[in-house]
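My notes follow the structure.

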Amino acid sequence: TLLCVLLFSFLLLKRLSVYLSKPFLKLHEASRRIASGNYEKRTSIQSDDEIGELSRSFDEMAKATQQTIQQLEVNLAQREDFMSNFAHEIKTPMTAILGFADTLRTYDCDVDTRKKCADYIYTEGKRLEKLSYTLMDLLSLSGKDIQLQPVSIASVVKQLRQYYDAVSITDRLCFHCASCTVYALEELLFSALRNLIDNAIKYSGGKPDILVYTQEKTG
């Protein structure tokens, strides 16, 4: 009889120890998954005791960690996109700057040609400087509101004319500009319009018209 009682007690204690240790095994498995980079699963231990409270705290920690990792991945992707876009933005004017600098370096140019080359190099160099500062400011905003400024469209179109005149393709463009003001970042607006015009020149096969006009807001 004593042997039966001892055997029953042993089996009961073993069963009880397995039952009591099961939540801790779940927590251990969850911590190992998080350590290996898997933040999706939760312990989901439903109880009103200290173990349940610990489980809920652990799940909240795992959720917060997952959100932090996801935000870091988004930030990394945005910075990669920024670097790619920045490299694209400086490629076109930098190629032209190098071309004009090479002209000054290797050819005996007349005064007008030298002035044209020097003016273009200076103007586009200053534009690249302002653009780099603007893009770096945007990169450091980290979700903050962008402060737009009033920009004269006529001024931007004038800069576009000067840019395309310097690379000798103004005769392939036709500008129609109304006098108006928009809220934007001037350097980025110039770059966006230049990219659109470059694509129009490249793929239209004709003489693109650049038309700027105002339209009353409806609705």
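Which elements each supply at least two residues of the lining of the largest pocket? I found α2, α4 and α5. Helices (H or I, at least four residues) and strands (E, at least two) are DSSP runs, numbered from the N terminus.

I noted the ground rules next. This is a predicted model, where local features need pLDDT of at least 70 and side-chain atom pairs count only at pLDDT 80 or more, while totals for chains, interfaces and linings use all residues. Residues are numbered from 1 along each chain as its sequence is written, and side-chain values use heavy atoms, with hydrogens and water left out.

**Pocket.** I counted 11 lining residues. T92, Y164, D198, N199 and K202 lie nearest the pocket centre. α5 gives the most to this lining, with five residues. A pocket here is an open set of points on a 1 Å grid over the protein atoms alone, where a 1.4 Å probe fits, with protein on both sides within 12 Å along at least five of seven lines; lining residues have an atom within 4 Å of a point.

L160 touches F175, F190, L193, R194 and I197 (heavy atoms within 4.5 Å), leaving out residues up to four places away in sequence.

**Q159.** I placed Q159 in helix α4. Q159 is buried, at 17% relative accessible area; buried means under 20%, with a 1.4 Å probe and protein chains only.

How values were computed. Buried < 20%, exposed > 50% of the residue type's maximum accessible area, 1.4 Å probe, protein only.
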